Amino acid sequence: MIGNYPLHLMILVLLWGYIYTSWSLMGRLGLVSFGHGAFMGIGAYTVVMLWNHFGWSPWAGALAALAFAAAVAILIGYPCFRFRIVGHYFALVTLALSEVARLVIVALRDQTGGSLGATPNSALHGGATAAPGALQFSDKQVWFWIVLAFWLAGLWVWRAVDRSMARLALQAISEEEEAAASIGIHVARAKLRITLISALMTCAGGVLYAQYQLYVNPDTVSGIGISLQMVFGAIAGGMFVMLGPTVGAAFTLLLAEGLRLAFGNRYPALDSTLYGAMLVLFIIYMPKGILGAALEALRARTARPIAPRKSSGMPSA
Amino acid sequence: MEVFDIFLLEAILNGLLLGGLLALLSLGLNLIFGVIDVVWICYAELIMCGMYAVYYLHVQYHWPLLAAMAAAVVIVAVLGVILHQFVIRPVLGAEPINQLLVTGGVLFFLQAAATLAFGIEFRNLGVTLPSIRLGEMSFSAARLVAFCVALAGMLGMYLFLSRSYLGTAIRAISQDRAIMPLMGVSPARIFVLASALGGALAGLGACLLVLQYDVHPAIGLSFGPITFLICVMGGLGSMAGGFIAAFVFAQFISVGGFLFHLEWGYVLAFAFFIAMMFWRPQGILGRR
């Protein structure tokens with residue numbers, strides 16, 4: 001069909017697109033979490049550890065990982081929502097969570113391999129290319145279809161949430177929490193539900209990532225680095241539109257690969273430097289992201305004149 | 001088992017020394033938050049820039065160490081002003097979460113730019129201070145110096161804020177942002193001043209850290225999270241709360257690390273932070 005390299009890129013775009021979409025389910029409703037690295041890490045490490053040490057099939061391992069992630073999401077989410085921890089307090093509490101996950105993985109180095117990472121024991125014996133029971137496939141095409149299915153399912157969840165009453169409730173909450181509560185919205189429950197959906201989807205993303213790469217490392221599946229990567233990927237693409245997070249994933253990956261092809265490995269951090277600078281510019285001048293801004297420009301061209309802009313409340317220097 | 005363990009005492013005292021340093025780091029962040037109402041997620045990356053400044057001026061250009069450190073404080077103060085003018089000011093009227101995120105973008109940028117400019121090698125200043133023995137316990141002099149300088153820095157900041165005219169203006173702005181312009185204080189100018197002060201404190205922290213740790217582009221990640229969490233636990237903007245929280249955190253890290261393993265010390269500290277947030281979301285001495 002097509003070469004392995006383009007296929008690999010497409011798999012990565014879809015996989016990260018799916019994970020960023022999962023994050024945006026919360027992020028766009030004002031629940032900016034810096035803790036999704038924890039859920040991804042739980043997914044990746046639970047499956048690999050149960051397989052390596054206890055011989056659990058990743059299918060069973062994935063169920064265990066999802067249960068674990070759900071427990072953590074409730075343990076952190078419920079008190080946060082009950083005690084009205086919002087805005088950047090919520091962001092910082094979840095940031096602590098993602099560091100806890102990373103540090104626990106590193107601290108359990110006798111089992112997890114610490115910061116060196118871990119490799120799932122191979123189940124592909126004697127030239128076999130697929131071991132469905134162990135969720136290991138050497139053929140990238142199989143992975144393409146698996147990841148595509150998850151990505152589509154992620155978009156379906158997004159649409160289902162978008163069309164539900166829950167979305168309206170959450171939007172009301174994100175604008176004015178007290179007012180939403182006063183008209184009978186159960187704030188904590190509504191938030192907890194979307195948090196659970198988002199955390200479970202991210203955990204599943206972690207499982208897929210571990211099984212596709214066949215390598216896990218605490219820094220690439222958990223911790224602040226990966227949590228910020230999710231937040232910024234979603235923002236760069238545009239977290240308020242359905243395909244925005246996927247556009248963000250494609251954009252960041254193509255930027256990194258493009259610069260790598262252009263300059264080789266001479267400037268190892270050039271892509272992240274440019275990316276960091278662009279993020280700052282995006283958040284200042286284009287907070288709706290690439291796709292969000294593009295759609296808005298398209299709409300402004302074809303439809304009525306733009307409404308007057310809201311003036312900012314703070315005095316400028 | 002002995003009732004009184006000398007090594008436990010050593011861990012507690014080391015925690016005390018670490019606490020002073022962490023208190024200094026959180027002071028700058030708290031000042032910025034109290035005055036401008038913005039969290040500089042990239043605060044630890046500014047510290048990293050300061051550490052590189054000391055390293056290059058001293059090792060490559062053979063400046064005397066104290067001159068290099070003084071220059072580093074100035075450089076980071078200037079970086080703080082640049083950060084405020086070009087990154088924070090445009091988003092002052094935006095959603096609070098955007099202000100958090102934009103400094104997160106700066107974090108990415110500074111970390112990657114440092115990798116690009118300086119490579120990923122760990123760089124050591126090459127200055128070793130002796131270790132001090134006290135009975136069976138030993139302490140690094142670098143930590144003791146850091147502790148004393150941090151306390152002096154905090155005292156200086158306290159006197160500046162409580163005694164000087166500008167310090168009074170800064171405290172006034174952090175109490176009521178809306179009314180002060182009517183009293184003839186220009187918030188914009190105070191914001192710039194606070195950014196410079198916050199940057200200078202980060203620079204001072206950098207001078208103390210570079211004596212104890214090798215500098216590398218990701219070093220910010222080992223201090224950054226703990227610094228925000230201290231500020232949040234103490235109550236964002238409350239300098240006294242941050243001071244107390246810094247010592248509590250340092251004990252968790254030091255004693256927890258002594259009893260179990262270094263990472264478990266951090267895990268305990270972070271778990272304690274999360275529990276504290278549920279118990280007192282506004283922080284130890286916070287106001288909401």
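This is a predicted model: local features need pLDDT of at least 70, side-chain atom pairs count only at pLDDT 80 or more; totals for chains, interfaces and linings use all residues.
Let's start with the overall build. Chain A has 14 helices and two strands. Its radius of gyration is 20 Å, close to the 20 Å that the globule rule gives for 317 residues, so chain A is as compact as a globular protein of that length. Chain B has 10 helices and two strands, and if you walk along its sequence the order is α-α-α-α-β-β-α-α-α-α-α-α. A compact globule of 288 residues would have a radius of gyration near 19 Å, and the 19 Å of chain B agrees with that.

| Chain | C-alpha extent along principal axes |
|---|---|
| Chain A | roughly 65 × 45 × 35 Å |
| Chain B | about 65 × 50 × 35 Å |

How much of each chain is buried? For chain A, buried residues make up 47% of the 317 residues, and for chain B, 51% of the 288 residues count as buried. In chain A, residues 24 or more positions apart account for 75% of the contacts with a separation of 6 or more. In chain B, 76% of the contacts between residues at least 6 apart in sequence join residues at least 24 apart.

**Where the chains meet**

Now for the interface: 45 residues of chain A are in contact with 44 residues of chain B. On the chain A side, α3, α4, α11 and α13 (270-285) each supply at least two residues. Which helix gives the most to that side? That would be α4(A), with 15 residues.

**The nonpolar core**

The largest nonpolar core holds 201 residues, and the members touching the most other members are M51(B), V54(B) and V76(B). From chain A, helix α4 (residues 87-107) gives the most to this core, with 15 residues. If you zoom in on V54(B) and leave aside its neighbours within four places in sequence, its contacts are A68(B), M69(B), A72(B), L125(B), A206(B), C207(B) and V210(B).

**A helix pair in chain A**

Next, have a look at α3 (residues 58-82) and α9 (residues 187-213) of chain A, whose axes come within 8 Å and cross at roughly 145°. The crossing of α3(A) past α9(A) is right-handed. Which residues meet there? On the α3(A) side they include A62(A), L66(A), I74(A) and F81(A), and on the α9(A) side they include A188(A), L192(A), L196(A) and V207(A). Counting the residues of this contact by type gives 19 nonpolar, three polar and two charged.

**A loop residue: M242(A)**

Last stop is M242(A), found in the loop between α11 (223-237) and α12 (244-263) of chain A. Leaving aside neighbours within four places in sequence, M242(A) is in contact with L155(A), W158(A) and R159(A). Y89(A) sits 153 residues from M242(A) along the chain, and their C-alpha atoms are separated by 27 Å.

How values were computed:
Residues are numbered from 1 along each chain as its sequence is written. Chains are lettered from A and ligands numbered from 1 in the order in which they are written. Helices (H or I, at least four residues) and strands (E, at least two) are DSSP runs, numbered from the N terminus. The radius of gyration is taken over C-alpha atoms; the globule rule is 2.2 Å times the number of residues to the power 0.38. A residue is buried if 20 or more other C-beta atoms lie within 10 Å of its own, exposed if 12 or fewer, and partly exposed in between; C-beta atoms are placed from the backbone. Two residues are in contact if their C-beta atoms, placed from the backbone, lie within 7 Å. A nonpolar core is a set of buried Ala, Val, Leu, Ile, Met, Phe, Trp, Tyr and Cys residues joined through C-beta atoms within 7 Å. Axes are lines fitted to C-alpha atoms, for helices over the stretch in contact, and angles run from 0 to 180 degrees between N-to-C directions. A crossing is left-handed if the near helix is turned anticlockwise from the far one by less than a right angle, and right-handed if clockwise. Ala, Val, Leu, Ile, Met, Phe, Trp, Tyr, Cys and Pro count as nonpolar, Asp, Glu, Lys and Arg as charged, and the others, Gly among them, as polar.
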